[in-house]
Amino acid sequence: MTLLEQFQLWLASMWPDWAAYITPAIVGILVIIIFVLTMVMVIIYFERRFMARFQIRLGPNRCGPEGILQPIADAIKVLFKEDIVPAKGDKLVHWIAPIVVFVPILMIFAVVPIHKGAILVDLNVGIVYVVAISSLSTVGIYMAGWAANNKYALISALRTIAQMVSYELPVVLSILGVVLMVGSLSMNQIVDSQSIPFILLQPLGFIIFFLGTLAEMNRCPFDLLEAESEIIAGYHIEYSGMKFALFYLGEYGHAVAYSCIITTLFLSGWRGPLLPPIIWFLIKIMVVFALIVWIRSTIPRLRVDQLMAFAWKCMLPMAVINLFIVAAEVLWLPEVFPWIMIAVNFAFACALVLLWSKLFVLGGGRVEV
Amino acid sequence: MAIKTEPFILNMGPQHPSTHGVFRMKVTLDGEVVVDVEPVIGYLHRGIEKLAEGRTYTQNIPFTDRLDYLASMTNNFAYVLAVEKLAGIKVPERVEYLRIIVAEMMRISSHLMAVGFFLNDLGAMMTPMLYMFREREKLLDLFDMVCGQRLTYNYMRIGGVSQDIPDDFLPALKRFVAEMPGFIDEYDQLLAENEILLVRTKGVGVLPKDLAINIAASGPVLRASGVDWDIRRDDTYSIYDRFDFDIPIGNVGDCYDRYWVRMQEMSQSIRILEQAIAQLPEGKVCADVPQLLRPPIGEVYGHIEAPKGELGFYLVSDNSISPYRFHIRPPTLINLTALKDMVIGWKVADLIITFGSMDVCLGEIDR
Amino acid sequence: MRFERYGVGIAKGMALTLRNFFRPPITLQYPEDKLVISRRLRGNELVWYPDRCTGCATCAKSCPQGNIEIITHVGDSNNYVVDKFEVDTGRCMFCGLCVESCPYEALFMGLGYERAQYRRGQLVLSKEELQPSDIRQPSGYARPKVEQTLPRQSLLINWDKEKEEGGQKLSPLPMRKRRKGNGL
Amino acid sequence: MTTVFNVEYAAKKIIEAFPDSVAVVVKVAVVVNSNSLYQVAEFLKDTSGFEFDYLNNLTAVDYIDYFEVVYNLNSLEHNHSLVLKTRCYDRNRPVVPSVISLWRAADYQEREIYDLMGITFEGHPNLKRLLLWEGFMGHPLRRDYL
């Protein structure tokens, strides 16, 4: 019984059915939008300050105390900018694309449990829903790249499609490992069954999922579609004003969403001692995001063929092997000794990484033209 | 049914984050693969060669600052050496040392920029670049102390330098020389072993040895291709023969070798700086040269090993106060000749890093 | 190409960025927090002392850009009286050749560097505007006597010393200093 | 230290190989006729003892009466240098053979001279203006420009 369902039951005792049904839904949607927007603001500020310190800079510190109003100032600036549509662009698609990018990311949050019972809908296929919805925004990115009628944007759009198709597979396969252990697709149940965080039980699955999501949210070192040194800004090169802001929101919303999913799947969600669950949840999101920022500020970018090779030659086989190992363990290992499982899985993870480092060649060389 | 594809032309630049200025490339792409590159330059052309014909020899020194604005000191150096060769001026001992100290500082500073921006082109999100800017900032402070500017130094004069170094200079430089090797080690730790950097740069953008000689590549680009040629040693100018330094040589000529050669050259420059500081004599800082110099009729080609390659000045004098012909041999323009051969068949991303590893400076190319 | 080192190189790099995370940032909060600039700074165009100037126009001759315009007439005691001393600083490239060539030390480079103007016309400085004032102090470029009187430059290389000792003290948390006019 | 190749000796050898090619020998340089420039350059590049494989610098000077094209040659193997020059007297249509097939270093430098000095290099595959735009009137580095 989620909190919203309780709220609905309570309303149903005094209001007509339709109102009792619709009001909690609206309240829930508002809460989620506010949560996402606030988190995005916090995370933008956090990333800028955090990355600045990695780069021995200070970062934004002028607006408000310690610069915490910087995202708001940015938002105001971007709202008042002129909205430019390329003369030869596809105007309708150009207009729709930011929405198509942003809406699916909001929809992901419907199944993220941020507290015990605090979930908009406890779908019994929650994680499948996440996978399905999150790849929708790729369509939006492709639309944006197509509509801009710009060659950089087109290259970016095609890169997105290739990247998303490649990285969706290892991500899904590593999720399956978690699902096998839990025995359910519901996000609530996944959290409930993590008395030990799955990052310990499935280190390899975590690594694959983490790298795969880095690629899916277009973060360094897989940020090929907006590689600013090659194709400048990629798909949003011709966007300005509020449309650009939607892409920006979408990008960071994606980061928040995937931080939430990683937290839920591998870091035991809102569970934790002493502190209230919501605080634990936020702390874990921030830790995951800090890791992402740290990686972004250190590592150079991969090339497009190396990116593909990494997905198909390294991550996909590893994810399959990981799935088989987990399945075998779930089948044969007694559940009372999780420590054995942790040791075995760590050993397997190390062995596989070493093996793949030696065996596999990343990407091709020169093409004869 | 076979899918029909056709190459398309991508216009990179003049406004592009990684063209290091206003450089434009007409790139023909087949998907992501580069089929053809045509560099288009001239967006920063200021006609310095023509301007110099109407100014005196001393008045031309500020113009040389504006060639390769990341290495103004060596530009000054090359020009004054050429004029001194033309006019037969002997400079005092202290001046030779001062010039070599600032020129080697300039080489470190320029290589820091080159490597930093090369890594930025690789997509390392500014971090290594800002670390290198930190070190460069220390050097710029010292240049500022010596000559009052941070970018366009105008420090050298015909027959000497404009002013002696202040008292604070040598202690600060000594401290820099002591600290810098630690930072070079740090950069190595950050990136030299980084797998992604190796995957991206090894074997990419190879400039073979014979081609490198044929296009008269110079500087780190030539040495990375395995040619043992450094004008500081092979055509010694000033007093470089008194110092003990090694010349790092690459063996493949790929982007990684160019990066590696630059990193090694920084260490070698620090060795030269150590020796020069230790030997620095006292004395005058400028020879007696008339304000309006009239060199005898003749011509001279003076070249030095600038950070980016062989910087040459071809001067023709008609015994008047201004040069009759003032020609600059820009190293990076001539290095660029090979760009097309190096990138064809590689991806767009490789085009960017190959271009970045050549360390071009548009102020010098367009003049 | 292979990942032959099992990600050790990447881990080393990440360790280094983390180390830099705990180093003090080297940026300064410019309008509130200023460096002591070089004693020889070639800033703020020129500072002109009319009492020392003899109107010989050596500076005008030495200027590579031909920016300095001098008009003189012969005065009572058979000297030059400067009628017009005008510098178009929009074209000035701060080479300092005019200051070096001045035989009577009447011309100095300035110490200021905040010289933005709204109109190009404001960049043409007349005789009165070139004279020393509060914002127009002479620098020690090519003038060793003036140089000795100026404060020591704060260098980044001396990052552990205070400003008075020629350093640029970096603190790990520079934002602790409260600023006035904290503005959105 | 790069030694300067003996100009007299070089001129003698060139005359032995190609009679009538050398116009005049000045103190620092061998001046050859422009129509035999390519052969001389090829000779200097490929003959053992010379082996000038590195073209340092290529420029042109406008002496009003004639244009002088200057080739600063260098040999990385023997570490010696030589200045080769050629002159063209036709002010309206100065033509010099291109050496791009010997030294590709001449590519941009010949284009630059064509652009700024107006000397046509015969045999250059891509002789377009380099620094100035197509359609620019005149050649700015000539002494009579402006």
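Author: Let us begin with a single residue in this predicted model. B:E282 counts as exposed because its relative accessibility is 69%, and the cut-off for that class is over 50%.

Reader: With which residue does the side chain of B:E282 meet in a salt bridge?

Author: In general, side chains of opposite charge can pair when their charged atoms come close. Here the partner of B:E282 is B:R94, with 3.8 Å from N to O. The pair links distant parts of the chain, 188 residues apart: B:E282 lies in the loop between α11 (255-279) and β6 (298-306) of chain B, and B:R94 in helix α4 of chain B.

Reader: Is B:R94 buried or exposed?

Author: B:R94 counts as buried because its relative accessibility is 6%, where buried means under 20%.

Reader: Which residue forms a salt bridge with B:R99?

Author: B:R99 pairs with B:E84, their closest N and O atoms lying 2.7 Å apart. Helix α4 (residues 93-121) of chain B holds B:R99, while helix α3 (residues 72-87) of chain B holds B:E84, 15 residues apart. Both B:R99 and B:E84 are buried.

Reader: How many salt bridges are found over all chains?

Author: A search of the whole structure finds 53. One of them joins the side chains of A:E47 and A:R296, at 2.6 Å from N to O. These two residues are 249 apart in the chain, A:E47 in helix α2 and A:R296 in helix α12 (residues 277-296) of chain A. Both A:E47 and A:R296 are buried. Salt bridges may also be read as networks: one links B:E104, B:R107, B:R223, B:D230, B:R232, B:E265 and B:E305.

Reader: Which residues make the nonpolar surface patch?

Author: The patch covers about 810 Å² and is made by A:M41, A:V42, A:I68, A:L69, A:I72, A:I76, A:L79, A:F80 and A:M242. Two elements of chain A, α2 (17-54) and α3 (70-79), each give two or more residues to the patch. α3(A) gives the most, with three residues. A:I68 is found in the loop between α2 and α3 of chain A; A:I68 counts as partly exposed because its relative accessibility is 46%.

Reader: Which chains share the most contacts?

Author: Of the four pairs of chains in contact, chains B and C share the most. Chain A and chain D have no contact, their closest C-alpha atoms lying 21 Å apart. Chain C and chain D do not touch either, with 18 Å between their nearest C-alpha atoms.

Definitions and conventions:
Residues numbered from 1 in each chain as written. Chains lettered and ligands numbered in written order. Predicted model: local features only at pLDDT ≥ 70, side-chain atom pairs only at ≥ 80, totals over all residues. Heavy atoms only, no water. Contact = heavy atoms within 4.5 Å. Patch = residues over 30% accessible without salt bridge, like charges linked within 9 Å, V, L, I, M, F, W, Y side chains within 5 Å. Areas by Shrake-Rupley, 256 points an atom, 1.4 Å probe, with all protein chains shown as cover. Salt bridge = Lys/Arg side-chain N within 4 Å of Asp/Glu carboxyl O. Helix = DSSP H or I, 4+ residues; strand = E, 2+ residues; numbered from the N terminus. Buried < 20%, exposed > 50% of the residue type's maximum accessible area, 1.4 Å probe, protein only.
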